[in-house]
Amino acid sequence: MMGQRQHVLLLIFSAFLLFQTSNAHNITRLLAKHPSLSTFNHYLTLTHLAPEINRRTTITVLALDNAAMSSLLDKNPSIYTIKNILSLHVLLDYFGAKKLHQIRNGTALAATMFQATGVAPGVSGFVNITDFKGGKVGFGAEDNGGSLNSFFVKSVEELPYNISVIQISKALPSVVAEAPTPGPSELNITGIMSAHGCKVFADTLLANPEAMGTYEDNVNGGLTVFCPMDYPFKAFLPKYKNLTASKKASFLEFFGVPVYQSLSMLKSNNGLMNTLATDGASKFDFTVQNEGEEVTLKTRVNTAKITGTLIDEQPVAIYTIDKVLLPKELFKAALSPAPAPAPEEAADAPKGSKSKTKSKSKTKSKAAPTPDSDSPAESPDDDPADQVADDDNAAMCFGAERLAVVGLSFLLVFFLL
């Protein structure tokens, strides 16, 4: 009986250790052990693809040796074009050497990091993988006319079902990925928004030189934009027009963040986020939250959900959101009516007591927003104490969870001894 118990505890402890380390991979360190892939490794870092690869799981990197990278660089592509080409070599699925030779029906179509950027039209961001007779495996970009002219060389590193690094014979040719890519300062961010369902917001931004200038000043250093779709923003325009000139600029700047945030970064870095409108006491911030694959932006007034990616090319990312996110500095949340007390509670409650007054105050500060809660406010309630309290509670919960995990570990070790 004792032996079975120890065996069960050992399994639990092993599972705990596996959970703790299952997502730990670093593409730069993995490739550093292979000098023949040093140029490829260097450009993953230079293009900022390495951090993106490290944040993802279930991924395959098609590595190129120094000779293949030299042939690619001989064409003198810009660093932004190199990023597109290399992102086509990062598959968003796991393909170890064994799986490559067990592909169902002999062929598979894999999405890539290039496809995930939103830049690749149609299926140009997909890679065809085909297992030929005799153990030969070919790779080709889907927009390359079906030509499979790069082949599997060897498995470099494999962390099963997490990351696989395999070497292929040469770079995957792709007309779309190899096309000249403009630098950040040359990007027409309003043009991108206008062409993908955010024309009303883009036109409003262009009509406000102060806000537009703020966006342009941040493009090179890093910029993330959350643009409301046409339907909700068009419905909101009458309220926008009632704002003063300075508040219009702050409101438009509120939809931009002065750093680059990929979708995977937004999913892993939940919490408060400053915006282009943040300035000292004027917070103009919102909270990023995610549940599974869904990412939401939340203020004390309302909540909006990210619905699409227009561009995700460091240092610029533009996402669409389903509602007009409202900053608490300019708008107040409408209060939901408090439920009437039960007859017994009403009879027992003392009239005019402090506890009743406090309860009303608390209900007001925590009331849930409603869809019609976007009326302008000259001096909205600003209650930082609530935020501090929420942060402290979250920190205490997180700390308690960590202590519980550590305590469980020591308890398991004690039983095993």
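Me: What makes Cys227 count as buried?

Reply: In this predicted model, Cys227 has a relative accessible area of 0%. Buried means under 20%, so Cys227 is buried.

Me: How much of the protein chain counts as buried?

Reply: The protein chain has 417 residues, and 41% of them count as buried. Its secondary structure comes to 18 helices and 16 strands. Of the contacts with a separation of 6 or more, 65% are between residues 24 or more positions apart.

Me: Which residues of helix H11 are buried?

Reply: Helix H11 covers residues 199-206, and its buried residues are Val200, Phe201, Ala202, Thr204 and Leu205. They pack against helix H10 (189-194), helix H12 (209-218), strand E8 (223-228), helix H13 (230-241) and helix H14 (245-253).

Me: Why is Thr204 called buried?

Reply: Thr204, which lies in helix H11, has a relative accessible area of 9%. The limit is under 20%, so Thr204 is buried. Leaving out residues up to four places away in sequence, Thr204 touches Phe233, Leu237, Tyr240 and Leu252.

Me: Why is H11 called roughly perpendicular to H12?

Reply: The axes of H11 and H12 come within 6 Å and cross at roughly 100°. Angles of 65 to 115 degrees count as roughly perpendicular, so H11 is roughly perpendicular to H12. In this contact, Phe201, Leu205 and Leu206 of H11 meet Ala211, Met212 and Tyr215 of H12. The residues of the contact divide into six nonpolar, no polar and no charged.

Me: What makes H13 roughly antiparallel to H14?

Reply: The axes of H13 and H14 cross at roughly 150° and come within 11 Å. An angle over 145 degrees counts as roughly antiparallel, so H13 is roughly antiparallel to H14.

Me: Which residues form the contact of H13 with H14?

Reply: From H13 there are Phe233, Phe236, Tyr240 and Lys241, which meet Lys248, Phe251 and Leu252 in H14. Five of the residues in this contact are nonpolar, none is polar and two are charged. Lysine counts as charged, and the contact includes Lys241 from H13 and Lys248 from H14.

Me: Which residues of H14 are buried, and what do they pack against?

Reply: In H14 the buried residues are Lys247, Ala249, Ser250, Phe251, Leu252 and Glu253. The buried residues of H14 pack against H11, H12, H13, E9 and strand E15 (331-332).

Me: What makes E9 and E10 edge strands?

Reply: The open sheet has seven strands with mixed pairing, in the order E9-E8-E14-E13-E12-E11-E10. Strand E9 (256-257) and strand E10 (271-273) each pair on one side only, and they are the edge strands.

Me: How do you know that E8 and E9 pair?

Reply: Pairing needs at least two bridges. Two bridges join E8 to E9, and these strands run antiparallel. Thr224 stands opposite Val257 in E9.

Me: How do you know whether Glu52 is buried or exposed?

Reply: Glu52 lies in helix H4 (residues 49-55). Its relative accessible area is 7%, and the limit for buried is under 20%, so Glu52 is buried. Glu52 touches Met113, Ser262, Ser264 and Met265, not counting residues up to four places away in sequence. Glu52 and Leu263 are 211 residues apart along the chain, with their C-alpha atoms separated by 9.8 Å.

Me: Why does Lys133 count as exposed?

Reply: The relative accessibility of Lys133 is 87%. Exposed means over 50%, so Lys133 counts as exposed. Lys133 is in the loop between strand E4 (126-131) and strand E5 (137-141). From Lys133 to His101 the C-alpha distance is 9.7 Å, and the two are 32 residues apart in sequence.

Key
Residues are numbered from 1 along each chain as its sequence is written. This is a predicted model: local features need pLDDT of at least 70, side-chain atom pairs count only at pLDDT 80 or more; totals for chains, interfaces and linings use all residues. Side-chain values use heavy atoms; hydrogens and water are left out. Buried means under 20% relative accessible area, exposed over 50%, partly exposed in between (1.4 Å probe, protein chains only). Helices (H or I, at least four residues) and strands (E, at least two) are DSSP runs, numbered from the N terminus. Contact means heavy atoms within 4.5 Å. Axes are lines fitted to C-alpha atoms, for helices over the stretch in contact, and angles run from 0 to 180 degrees between N-to-C directions. Angles under 35 degrees count as roughly parallel, over 145 as roughly antiparallel, 65 to 115 as roughly perpendicular and the rest as oblique.
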